[in-house]
Every structure is written in structure tokens, then in C-alpha cells.
Amino acid sequence: MNKLAEQVTSQERKQNKENYLYLLEKGKGLVNLFYATIRTAALYEPNNDAFRKQIGPLMQAVREIIEHEGELSFSSKEGYLFLNQARLRLDFENYVASRFILEFTQKLQIYKLTLESGISQSELQDLICILAHTDPNEKEPFEAIEKKIF
């Protein structure tokens, strides 16, 4: 391998590591915000001050990650949460929120949720409300969500 190729490979590894660390850090906050917003949406209408206080910070976090990464994708696999390709680590600080999100998405049969550039706060708010008010005991909860969205 020539020196230029080695340098490019080294820079790519450094960039990948920086992106991974960025996602780990932002993921903790995002999981907590997502958890709090879902729980709040289950209790309050979207025009309620309590809900509006939650959706704003969630939207800001979503926009920041999308701006940095190009998209935001939550997924779960084998009991782990992923933000884009980074496996989020469960720790004491976000254990309850992470477990809730894992169980909540599994009950609703959502294994991947991707938000792309251009999502508005109104669209995010609608999505959160749909998720919060979908009965996980329905025969096909994911299909019920699709019908509400589309």
C-alpha cells in the first residue's frame, strides 16, 4: 500500500471513530428525549404546554443529528438500540429510557425508524402522537401506524 492510500485509510478510520463517538454521545440524549416525549404525548394533547416543552428539544436534537449525519435512524436488533450504525450503550443514566424504547418499538413491531432531512416539527409531532396512541395489543400494530401516517 502506498503512503497516500495509507493516509486516506487512516483518515477514514479517524472520521469513522469520530462519527461513532458523536452518535454514542448524541444517542444518549436522543433516547431520553424520545422517551420523555412519547410518555408526555400519551398523557397530553399536542397543544398542551407540557407536550410543547418536550417536542422542541426533541426536534432540535433530531435536526442536529440529521445535519451531521444526513439522516437519523433508530433501530433495534437482538435487544440493542442503534442510532444509525452505532450500537448505543445502556448505562444507569439512560437504562429506563432505553428499555422503554426497546420494548415499546418491539410491541409496535417497529424495528427501524428513519427520519430524513426536511422533517418538520409538525411532522415529528404527528409521528410521536401516532406512536403514543397506537395500541400495542392490536393484531397488527405496525399496519395501524401505517394507516394513520399514510
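The buried residues of helix 2 are Phe-51, Ile-55, Leu-58, Met-59, Ala-61, Val-62, Ile-65 and Ile-66. The model described here is a predicted one. An α-helix has 3.6 residues a turn, so residues three or four places apart point the same way.

**Helix 2 from end to end**

- At the N-terminal end, helix 2 is capped by Asn-48, which places a side-chain oxygen 2.7 Å from the backbone nitrogen of Ala-50.
- After helix 2 comes Gly-70, a residue with a positive phi near 95°.

**Helix 2 against helix 4**

- Two packed helices are described by the angle between their axes and the distance between the axes.
- For helix 2 and helix 4 the angle is about 115° and the axes are 10 Å apart, and the crossing is right-handed.
- On the helix 2 side, Phe-51, Ile-55, Gly-56, Leu-58, Met-59, Val-62 and Arg-63 meet Gln-121, Leu-124, Gln-125, Ile-128 and Cys-129 of helix 4.
- The residues of this contact between helix 2 and helix 4 comprise 8 nonpolar, 3 polar and 1 charged.

**Helix 4 against helix 5**

- Helix 4 (residues 121-132) packs with helix 5 (residues 141-149) at an angle of about 145°, their axes being 10 Å apart, and this crossing is right-handed.
- Leu-127, Ile-130 and Leu-131 of helix 4 meet Ile-145, Lys-148 and Ile-149 of helix 5, and the residues of this contact comprise 5 nonpolar, no polar and 1 charged.

Definitions and conventions: Residues numbered from 1 in each chain as written. Predicted model: local features only at pLDDT ≥ 70, side-chain atom pairs only at ≥ 80, totals over all residues. Heavy atoms only, no water. Buried < 20%, exposed > 50% of the residue type's maximum accessible area, 1.4 Å probe, protein only. Helix = DSSP H or I, 4+ residues; strand = E, 2+ residues; numbered from the N terminus. Polar contact = N/O pair within 3.5 Å; in protein donor to acceptor, adjacent residues only side chain to side chain. Axes fitted to C-alpha atoms, helices over the stretch in contact; angles between N-to-C directions. Left-handed = near helix turned anticlockwise from the far one by under 90°. Contact = heavy atoms within 4.5 Å. Nonpolar A, V, L, I, M, F, W, Y, C, P; charged D, E, K, R; others polar.
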